[in-house]
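Hello,

Here is the structure you were going to look at. My notes follow below it.

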Amino acid sequence: MITSDIRVDGDRLWRSLGELGDVGAYSDDDTGLRGVRRLALTDADLAGRELVTGWMRAAGLTVTIDRIGNIYARRDGRDNTLAPVMVGSHIDTVATAGRFDGCLGVLGGLEVVHTLNDHGIATERPIEVAVFTEEEGVRFGTDMLGSAVAAGRIDLADARQRTDPDGVSAGAELDRHGLVGEVAVPIRAPFAYLECHIEQGPILAAGDTRIGVVQGVQAITWLELQITGRAAHAGATPHHLRRNAGLAAALITVRLNEMVESGAYGAMLATVGRQVNYPNLINIVPEKSLITVDLRNPDGAAMARAHADLAAYLAEVEQLAGVTITSRTTAETPPVVFAEQMRDLVEKHAANLGMSSAPITSGAGHDAGEIAALCPAGMVFVPGLYDGISHNPREYSTPQACADGIDVLLHAVLELAVA
Ligand code: HGY
Ligand code: MN
Ligand code: MN
Ligand code: MN
């Protein structure tokens, strides 16, 4: 068997992406688009997990779960004492998702297993397909929560007590769903980890490039700012007597935009994604405002400067708007550079398959960024359409692009697992 000739079954992969995409599907009223909403540890996420683990068992994999609900589906190798080659990603989604973010990495990993099974290929090392809990972080406030616990960066007890906006803890949800598995965390280090993911941005498509050789992941900081002023009559309260939490939130948002546009913090990006005013009524000066701040920066030193300058500005805003501000860091990860051997592996197999490739740094956070603390990790990016838009029901990639990415994954895994 000349393994270099084998290819994945792109139709089977595409069908599975569609079927999983039906779990938690909703119709977006404004656009009429079908989106996916499968927030971590919700019933929709559970339904998605059941569908995927059913497929895993049908493919002959042994499914285990760790203490934070991460799934590991194992295909035995000839020597099962060896650490496995791990592939995977996540199937939890944001609230306005498409069908590809995370799911391509999980279902693509399963497609690698199907293809090896179809061709009766045995590998020296076992292969594991992983599904990490709460990668998105949009429910319990910390992204890559499951893979961070698997890699030992976040303590299990700390992770379990993270709560969602309704005050429900991750631990209570894990217990409710019976997802506290037998695998201890941190997990035993895999031999290597590879994740295929849509780029979620415009770069590959703009360059008509089929494969992104991911160099690493940029730094991420998430802050939750609780701003407290005083509710007062919008008509009878003189301007200078106001303690306006809404004004403070707006000042912070504008300052973040100025920081990005100044260029003084490198290629920093800043997003105030969530803003909740209280009492949120037209004729009352806002008493409270909760805003979230998402900072991204490929340069750790520039990110540190941004942290310091933002903290100094918050103190200024307290004076300007007559409010008090408490800032809670809910996620903070440094820039990650993937192992050179993994980057070279992805580049080599893209070339062997006749696919154009280009180096790219990931704008989004990924589980690979966490597992890189345990073993050599790498990522394969595929382009999306519509400027690679993501975290939006318009997220879309093509059957060919998905098959390309998983063909590269297949051959990289074969090289790692056969060795
Ligand atoms: O926020 C992120 O980058 C990822 O989608 N969780
Ligand atoms: Mn993702
Ligand atoms: Mn995402
Ligand atoms: Mn991600």
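Aspartate 101 is buried, with a relative accessible area of 5% (buried means under 20%, exposed over 50% and partly exposed in between, with a 1.4 Å probe and protein chains only). This is a predicted model, in which local features need pLDDT of at least 70, side-chain atom pairs count only at pLDDT 80 or more, and totals for chains, interfaces and linings use all residues. Residues are numbered from 1 along each chain as its sequence is written, chains are lettered from A and ligands numbered from 1 in the order written, and side-chain values use heavy atoms, without hydrogens and water.

Metal site. The manganese ion (ligand 3) is coordinated by Asp101 (OD), Glu136 (OE), Glu136 (OE) and His391 (NE2), at 2.1 to 2.6 Å. Donors are N, O and S atoms within 2.8 Å of the metal (3.2 Å for Na, K and Ca); water is not among the atoms, so sites may look incomplete. Aspartate 101 also bridges to the manganese ion (ligand 2), and the two ions lie 3.5 Å apart. Histidine 391 is partly exposed, at 39% relative accessibility.

Core. The largest nonpolar core has 89 residues, of which Met56, Leu104 and Leu194 touch the most other members. Such a core is a set of buried Ala, Val, Leu, Ile, Met, Phe, Trp, Tyr and Cys residues joined through side-chain atoms within 4.5 Å. A second, separate core of 24 residues includes Leu314 and Val317. Beyond four places in sequence, leucine 104 is in contact (heavy atoms within 4.5 Å) with residues including Leu13, Cys196 and Ile406.

Regards
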